[in-house]
Amino acid sequence: VGRDQRSEGWPVKVAIGVNGRQVEAEVEDRLLLAHFVREVAGLTATNIGCDTTSCGACTVLLDGESVKSCTVLAAQADGHEVTTCEGLAGADGRWHAVQDGFHAEHGLQCGFCTPGMMMAAVSLLAENPDPTEEEVRTGLEGNICRCTGYHNIVRAVLAAARDGQPAQEAS
Amino acid sequence: VEITAGDMSGETARVVVDDKGAATVFTGSSAHGQGHHTAWAMLVQEELGIPMESITVVHGDTDAIPEAIGTFGSRSLQLGGTAVVQAAGVVKEQARLLAAEMIEAAEADLELDTVRGTWQVRGDPASALGWGQIAERAGPDGLAADARFDASAPTFPFGAHLAVVEVDTETGKATLVRHVTVDDAGRILNPVLAEGQRHGGIAQGVAQALLEEVRYDPDGNPLTSTLVDYAAITATELPSFELVASETPTPINPLGAKGIGEAGTIGSTPAVLNAVIDAVSHLGVRHIDMPATPEKVWAAINEARAGR
């Protein structure tokens, strides 16, 4: 076939639903979902912080459940639905309860962890709509924030839980 | 007690008001999460009566800001913020002169209504001129002023941190249960931003006491070069913090502001480490080197027990 697998990999056709829009592309088999979202779908809210699945900045929803998109191949997401931070607000532009919570409680400072943190929170509240503070802290353990000491992030998620059921994500 | 803005190198600001009545603040104190955009806009609104939503803050562009020092050492509000207020103050006096010409009144008879953002003859709202009209009169570049504030001395914020720590003597794991702090940074411009600075600082200080360490092997190779190896603190290892307010203004700058950015890290590290040692002192432990990881605490407990 004449292609060197180790250096270039094989092209793979993928069709991935991103925030309700179908994105079809031929990509390298080794392309990570994080890079697919940023470079192919052109949505840059999803940040890449560590490349080692440690920091959670790249958290997105895959069929409604949070995943760190730096550790999922785009090819694995073929035929599935991805939701990024850009997809949180409703079609009418109204913010998601988690966005409202982060805004009201000042749940961010530099903002780098925020998109991933919000996606982790959405997934957490979908599983547990009425969490205790401890459950919120456990649920966000995979997402590192260096600015806020998590204090206002935890308050933001608790406020989101109080103020409304998060919208059901596509599955 | 800490020393803040100890570098004594001052900070710069430029304030411009355009013919739309909007203001732009060019600040030498660049922002990376501290909330300068909000804080500087609050200062200009307070000084000029231009609403915050009409104020843009520009930073980090050396084309636009030729001389600047930066954001470090808990210096931004006390130096950079004061420079913003001073530049706005110069713009205000420029506007007073122009407004006097335009209204044909004596400068001393003019007042700035900072609620409506208009200049008028004292007691005569019918004479009111908006910032846009005055800036238009000033010429194509609008009203503009540069300022540099050099403080006469550093400032000395102070505070106290109390930590309650539980130690599992079987595993050596120390858990911070409560953290109560007072940090006095002088006059507080924005309590939400100031609290955010304290929260982040506390977390970093606790992390230094309990978890985080840059390690090297004997040949000097770094062993903690990714977040897989370096134990950055997470939400599960921290409680919500209990902050007590205290405001003792400083006379060193017109804002009365002392630094807040580092207050959390300074108090929390010794408070937490002392609490860990206190929790196991009845077992004979007198000293543990930071960070007090489970391994070190467990070893200290066992050494103390063996030494009895």
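Biologist: How much accessible surface does chain A have, and what share of it belongs to carbon and sulfur atoms?

Modeller: The accessible surface of chain A is about 8,100 Å², and carbon and sulfur atoms hold 46% of it. Such areas come from the Shrake-Rupley method with a 1.4 Å probe; for residues, only the protein chains shown count as cover. Some ground rules. This is a predicted model, so local features need pLDDT of at least 70 and side-chain atom pairs pLDDT 80 or more, while totals for chains, interfaces and linings use all residues. Residues are numbered from 1 along each chain as its sequence is written, chains are lettered from A and ligands numbered from 1 in the order written, and side-chain values use heavy atoms, without hydrogens and water.

Biologist: What share of chain A is buried?

Modeller: Buried means under 20% relative accessible area, exposed means over 50%, and partly exposed is in between (1.4 Å probe, protein chains only). In chain A, 50% of the 171 residues count as buried.

Biologist: How many helices and strands does chain A have, and in what pattern?

Modeller: Helices (H or I, at least four residues) and strands (E, at least two) are DSSP runs, numbered from the N terminus. Chain A has six helices and five strands. Their order is α-β-β-α-β-β-β-α-α-α-α.

Biologist: How does the radius of gyration of chain A sit against that of a compact globule?

Modeller: The radius is taken over C-alpha atoms, and the globule rule is 2.2 Å times the number of residues to the power 0.38. For 171 residues the rule gives a value near 16 Å; chain A has 17 Å, which agrees. The C-alpha trace spans about 60 × 35 × 25 Å along its principal axes.

Biologist: What share of the contacts in chain A joins residues 24 or more positions apart?

Modeller: Contact means heavy atoms within 4.5 Å. Among contacts in chain A with a separation of 6 or more, 56% come from residues 24 or more positions apart.

Biologist: How many positive and negative side chains does chain A have?

Modeller: Lys and Arg count as positive, Asp and Glu as negative; His and the chain ends are not counted. Each charge is placed at NZ of Lys, CZ of Arg, CG of Asp or CD of Glu. Chain A has 12 positive and 24 negative side chains, and the centres of the two sets are 6 Å apart.

Biologist: How many salt bridges does the structure hold?

Modeller: Side chains of opposite charge can pair when their charged atoms come close. The cut-off for a salt bridge is a side-chain nitrogen of Lys or Arg within 4 Å of a carboxyl oxygen of Asp or Glu. Over all chains there are 17. Take R75(B) and E11(B), with N to O at 3.0 Å. R75(B) is in the loop between β3 (55-59) and α2 (76-103) of chain B and E11(B) in strand β1 (residues 11-17), so the pair ties together parts 64 residues apart in sequence. Both residues are buried. D7(B) joins E11(B) and R75(B) in a network of salt bridges.

Biologist: Are E67(B) and R148(B) buried or partly exposed?

Modeller: E67(B) has 45% relative accessibility and counts as partly exposed. R148(B), at 35%, is also partly exposed. These two form a salt bridge, their closest N and O atoms being 2.3 Å apart. E67(B) lies in the loop between β3 and α2 of chain B and R148(B) in strand β7 (residues 143-149), so the pair ties together parts 81 residues apart in sequence.

Biologist: Where do K258(B) and D184(B) lie?

Modeller: First, the bond: their side chains meet in a salt bridge, 3.4 Å from N to O. K258(B) is in the loop between β10 (242-244) and α5 (263-280) of chain B, D184(B) in strand β9 (residues 174-184), 74 residues apart. K258(B) counts as buried at 8% relative accessibility. D184(B) is buried at 1%.

Biologist: Which residues does S240(B) contact, leaving aside its neighbours within four places in sequence?

Modeller: S240(B) is in contact with E133(A), R137(A) and H151(A). S240(B) is found in the loop between α4 (191-210) and β10 of chain B. At 22% relative accessible area, S240(B) is partly exposed.

Biologist: Which peptide bond is cis?

Modeller: Most residues other than glycine have a negative phi, and most peptide bonds are trans. The bond from M290(B) to P291(B) is cis, with omega near -10°. P291(B) lies in the loop between α5 and α6 (294-306) of chain B.

Biologist: Where does Y150(A) lie, and what is its phi?

Modeller: Y150(A) has phi near 70°, a positive value in a residue other than glycine. Y150(A) is in the loop between α5 (133-139) and α6 (151-163) of chain A, and is buried at 1% relative accessibility.
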